[in-house]
Every structure is written in structure tokens, then in C-alpha cells.
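User: Please walk me through one part of this model in some detail. I'd like the strand pairing, with the cut-offs spelled out as you go.

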Amino acid sequence: MMNSVANSVALVTGATGFLGAALTHRLVAMGAEVHAFLRDLSSLWRIEEMTGRVKVWRGDVKNRASLEACMRAVKPEVIFHLAGETAGRQALDDWAADDDSIATNFLGAVNAVRAAHASGTSRLRLFVRAGGLAEYGACPNLLRESQRERPLTAYAASQTAATHWCQMVQSRLSFALVTLRLGLTYGPQQSPDFFIPALIDALRRDEFFDVRAGARGRDFIFVDDVVDALIAAATINSDPLRGTVLNVASGRNSRLEEVAALVGESLQRPHLVRVATAPTAGESVEVMRADITASNRLLGWRPSTPLREGLERTIAQRTLLGGKK
């Protein structure tokens with residue numbers, strides 16, 4: 001049975017983040033009643049033009065009571081749990097970053113699921129949680145949902161823990177709980193803390209940008225394709241999604257020097273891209289390419305934006321973010 005997004009009630013945690021804002025825009029455009037659960041200090045700049053069409057709730061995923069109060073009032077049909085902490089995504093000896101990852105990515109997910117269960121709303125049918133391919137760690141082969149994860153950072157470990165806890169708890173829940181392991185999502189409004197926006201911004205400022213040569217690559221996916229997958233999960237029969245983990249990615253390993261060259265060419269500044277052969281300290285993941293067979297089978301989804309097109313769209317739409325994150 002297919003479900004309609006139009007007129008449905010959707011709750012999005014992390015709705016002012018890069019991906020959350022893109023999803024919120026799409027849900028509003030499709031006619032959903034959208035509620036955004038945000039931290040007190042979250043800036044609304046990515047969704048400011050929609051504030052009259054989105055109900056904003058303030059709280060923190062680390063505070064289960066605030067989540068429960070929101071969910072009891074909203075009575076959502078679909079929850080998209082996109083709130084997360086990325087400070088621990090580097091392999092550093094940083095216990096504070098570890099603590100932030102555990103508190104937000106693991107315990108935050110636990111709190112959100114338990115709050116959804118405790119809210120007692122019978123119309124909640126689906127809880128979609130965003131994980132990531134970083135959960136797999138270093139793997140020279142195709143990344144498949146069935147393989148043993150070997151996370152290399154606090155961020156990845158906290159996400160992996162949340163994935164396993166969600167699978168464990170599914171049997172206690174009346175609603176379907178699915179984790180989508182996302183590839184490295186990019187697009188116009190992404191924070192400059194990440195590779196592609198940092199590259200674009202540097203070249204636009206006529207600054208040199210250093211990138212490592214060789215096999216080092218990532219499975220990059222354009223933000224609109226990820227939103228397509230999230231919407232697809234919300235529109236199909238939820239029963240087959242119960243307790244599942246699905247890769248949502250391009251299925252292609254794009255070398256970082258290849259990406260940098262494409263951006264340099266598009267901005268007519270190829271001379272500013274400097275390719276280094278020396279290894280980067282602490283870098284462990286060389287190749288990242290996900291098997292997306294299961295998401296195609298269960299969601300009827302495939303990415304539709306080639307890398308070159310996604311980069312050109314990002315460059316064309318992006319403005320320098322400055323301090324906005």
C-alpha cells in the first residue's frame with residue numbers, strides 16, 4: 001500500500017541542518033504538515049523563508065522529556081531523525097568529541113525512538129533514522145549492509161551503536177524503524193567544514209586547495225537524491241522496512257583529486273588545485289563505494305544526479321556561508 005506525503009504529519013529533527021532543511025523544503029512543497037524539532041540555539045537561516053509554514057519546537061535530543069512533549073503534541077505519522085553531531089568524525093585523541101558523539105548520535109537516537117514509543121500515538125507508522133557509510137570503516141570492497149562494521153572514529157562508532165540498538169528494539173515497537181546509511185551528501189547549503197564546499201569556497205577566493213592523489217575516494221551523493229530516498233521510504237508500505245538498514249549512496253567511489261579537478265574546471269581555476277602524493281596523517285579510509293541494491297529493491301530508489309551535474313548545480317547555487325553552519 002502506498003502512502004501519500006501530501007496532508008501527512010511529519011516531524012523532522014535537525015530540520016535546520018543541511019540535509020534536514022532540504023527535506024523540510026521538499027515536504028512543505030509536497031503539502032505535508034511539517035514540524036521541526038530544533039535545539040534552542042539552532043539558526044533558522046536555511047528554512048527562514050518557510051517559518052510561516054513549519055511549526056518549530058525547541059528542545060534537545062539529549063533531553064527525552066522535550067522530545068516526548070513535542071511528539072505527544074504533534075502526533076506525527078512519520079518521523080525523520082536527522083539530528084546528529086559530526087565533531088567526532090576525525091580520528092583524533094579527543095575525549096570531548098567522543099562524549100558529544102555518544103550523547104547526541106547514540107543516546108539522542110535512543111531518546112528519540114523511546115519518546116516516539118512513549119508518545120502513544122497510534123498513527124505513527126514510520127521512524128526513519130539517518131546513519132552513514134562511515135559506520136563500515138576501512139573496506140576495499142563494496143560496502144554491504146550485511147558486513148561487520150569497523151568504525152574508525154567516535155562519530156562512526158556512535159552511529160553504529162545507534163544502528164544496532166534500533167535493530168534490537170524494533171520488536172518492541174508498533175511502528176517501522178529503518179536506518180538509511182547515507183553516502184557523503186553534498187549540495188549548495190552545506191557547511192564549509194566539509195570537503196566539497198571548502199573546495200568551492202577556496203577556489204572562489206582564488207586560494208590554493210591541496211588534495212591528495214591516489215586511490216583515496218568517497219561515495220558522494222547529491223542532497224536531492226538523498227531527499228528522494230527519504231521521501232520514498234515515507235510513501236511505501238512500511239512493514240518491509242521494519243528493522244532494516246539500507247545504503248543510500250551513489251554506488252561509485254569518486255577519487256578526491258577527480259572531484260577537485262571537476263570543481264576547478266567548472267570554476268575556471270584548475271591551476272589552484274594542488275595534488276599532493278604524500279599520505280595524509282591519520283587517514284585510514286581509502287576507498288568507499290556502497291552496494292545500493294537493497295535500497296533499490298525495497299524503496300524503488302536510485303540516485304539520478306551524476307557527480308559532474310551535482311557539482312555544477314552546487315557551484316551555481318552556492319553562496320559563501322561565512323559563519324553560517
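Analyst: Two strands pair if DSSP finds at least two bridges between them, and strands themselves are DSSP runs (E, at least two residues) numbered from the N terminus. The model is predicted, so to speak of local features takes pLDDT of at least 70, side-chain atom pairs count only at pLDDT 80 or more, and totals for chains, interfaces and linings use all residues. Residues are numbered from 1 along each chain as its sequence is written, and side-chain values use heavy atoms, without hydrogens and water.

Now to the sheet. Seven strands form an open sheet with parallel pairing, and reading across it gives S3-S2-S1-S4-S5-S6-S11. Its edges are S3 (54-58) and S11 (245-248), each of which pairs on one side only. On average, neighbouring strands are turned by 20° against each other, direction ignored; the axes here are lines fitted to C-alpha atoms, with angles from 0 to 180 degrees between N-to-C directions.

A charge counts as over a ring if NZ of Lys or CZ of Arg is within 6 Å of the ring centre and within 35 degrees of the ring normal. At the other edge, S3 spans 54-58, and there the charged end of Lys 55 sits over the ring of Trp 57, 5.1 Å from its centre.

Conventions. Helix = DSSP H or I, 4+ residues; strand = E, 2+ residues; numbered from the N terminus.
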